[in-house]
Amino acid sequence: MIPKADRLKQVKEYYFSKKLREIAGLIATGKPIINIAIGSPDLQPPLEVVAALKNAMQIDGVHKYQSYQGIPEFRLGIADFYKTNYNVKLNPNTEILPLMGSKEGIMHISMAFLNKGDKVLIPNPGYPTYASVTKLVEAAPVYYNLSEHNNWLPNFSEIEKEDLSKVKIMWVNYPHMPTGATASKLAFEQLIAFAKKHHILVVNDNPYSFILNENPQSILQVDGAKEVAIELNSLSKTFNMAGWRVGMVVGTSEIIKTILQVKSNMDSGMFLGIQKGAIEALKLPANWFEEQNSIYRKRRELVWKIFDALGCTYAKNIGGLFVWAKLPNGEKAESFTDKLLYEKEVFITPGTVFGTNGEGYIRASLCVNSAVLKEVLTRLTTKNN
Ligand SMILES: Cc1ncc(COP(=O)(O)O)c(C=O)c1O
């Protein structure tokens, strides 16, 4: 047996990868498991987007390698999108790099800036990929606490008690997954001031800004943000295109060039048809977001009822594709979700997937249609099920 690389010793198999295998096994034995755990949009992408992908098949050279930086029309589309939706001005030639989703960007950014032994500030709770990628590049995670009583925002005086001298990157993600908390302009200003004070690159991972969020924001709206901050964004959730793998990193040209130095050595340009589809998506008017959100709002009402039936408490004024809820009576997240899975045949995410501060919480997804959510409610409220 060839021994695996040492860097893998610190990275476990992803919780969902293991759990979904167990669930597939249960389904194979005939159990009608309902999964309301995963945030993969079930709604359709815009029709114009699919048409643009199909039409692209007729373009001469469509099957060839594409530019590492994406076609100019796509970068222009991203620049227009940022101007229209966030009032952020980006140079389409130097300040935008298309990516295969924001997840890919987490690895490229980490490889571009981290040396072995560097430290990285990572939200707890937060998206697990920040920590696993940090470990894969042999840097060290320094978890910062997010808590309900601080509206899931960083507590800078607590963070400053740590030795920050080796910290190079801080991951932030507002609207926040899994809690749905949003950051005010003031909170972003404080983040930028903190990053400047400690010479840290702040990366805002922003894939949820248009989902159930009244006020979509970019961290780059803050004056002077480009000196220390970049942003990841994605079409996965905004336009129901998770499987297409299309996103972007935006920021000042020096940083984008450094990330391109990594990316251009790892992969090649995005398929032309995907770029053409993405261009159409980015042009959509505001009523696209309104239509999606009206569906998510109805689903969210049902998820609230599900959480009421479970005796959970939750905040209603949150954004993103999930509802985050506190369990009753100090229940533990994984034993609670396992009990639901085995007794009610419903799978919900335990908050501990996102870090130790997720203990005592669970997360449900809005990527499940109302009929299925009603069935979950029936299962929870019917005795002897
Ligand atoms: C916080 C966060 N960042 C990034 C991603 C990855 O998104 P993408 O499809 O753009 O890679 C997800 C997906 O679930 C997410 O929740």
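The legends below describe close-up views of one predicted model.

Because this is a predicted model, local features are reported at a pLDDT of at least 70 and side-chain atom pairs at a pLDDT of 80 or more, whereas totals for chains, interfaces and linings use all residues. Residues are numbered from 1 along each chain as its sequence is written, and side-chain values use heavy atoms, with hydrogens and water left out.

View 1. In the side chain of D205, an N or O atom is 2.5 Å from a nitrogen atom of the ligand. An oxygen atom of the ligand is 2.6 Å from an N or O atom in the side chain of Y208, and a polar side-chain atom of S236 lies 2.6 Å from an oxygen atom of the ligand. On its own the ligand has 390 Å² of accessible area, and the protein covers 91% of this; accessible areas come from the Shrake-Rupley method with a 1.4 Å probe, and for residues only the protein chains shown count as cover.

**View 2. Aromatic rings that pair.** Rings of Phe, Tyr and Trp (its six-membered ring) pair if their centres lie within 6.5 Å, and the pair is stacked if the planes are under 30 degrees apart, edge-to-face if they are over 60 degrees apart, and tilted otherwise. By this rule the model has 22 aromatic pairs. One of them joins W152 and Y361 edge-to-face, with 5.5 Å from centre to centre and 75 degrees between the planes. W152 lies in the loop between β4 (140–145) and α6 (156–159), and Y361 lies in strand β13 (residues 361–365), so the pair ties together parts that are 209 residues apart in sequence. Helices (H or I, at least four residues) and strands (E, at least two) are DSSP runs, numbered from the N terminus. Both W152 and Y361 are buried, where buried means under 20% relative accessible area, exposed means over 50%, and partly exposed lies in between (1.4 Å probe, protein chains only). Elsewhere, F81, Y82, Y86, F210, F239, W288 and F289 form one aromatic cluster.

**View 3. Charged side chains over rings.** A charge sits over a ring if NZ of Lys or CZ of Arg is within 6 Å of the ring centre and within 35 degrees of the ring normal. The charged end of K316 is placed over the ring of W304, 4.5 Å from its centre, and R363 lies over the face of F322, at 3.6 Å from the ring centre.

**View 4. Helix α5 and the elements it packs against.** In helix α5 (residues 128–136), the residues P128, T129, Y130, A131, V133 and T134 are buried. The buried residues of this helix pack against α4 (101–113), β3 (119–124), β4, β5 (167–172) and β6 (201–205); contact means heavy atoms within 4.5 Å. T129 counts as buried because its relative accessibility is 7%, and, leaving aside neighbours within four places in sequence, T129 is in contact with K103 and I106. After α5 comes E138, whose phi is positive, near 65 degrees.

**View 5. L164 in its loop.** L164 is found in the loop between α6 and β5, and its relative accessible area of 7% is why L164 is called buried. Not counting residues up to four places away in sequence, L164 touches L121, I159, F194 and H198. From C-alpha to C-alpha, L164 and V120 are 9.2 Å apart in space, although 44 residues separate them in sequence.

View 6. R245, a residue other than glycine, has a positive phi near 65 degrees; R245 is found in the loop between β7 (229–234) and β8 (247–250) and, at 32% relative accessibility, counts as partly exposed. E345, likewise not a glycine, has a positive phi near 60 degrees; E345 is in the loop between α11 (333–344) and β11 (346–347) and is buried, with a relative accessible area of 16%.

Definitions and conventions: A polar contact is a pair of N or O atoms within 3.5 Å; within protein, one must be able to donate a hydrogen and the other to accept it, and residues adjacent in sequence count only if both atoms are side-chain atoms.
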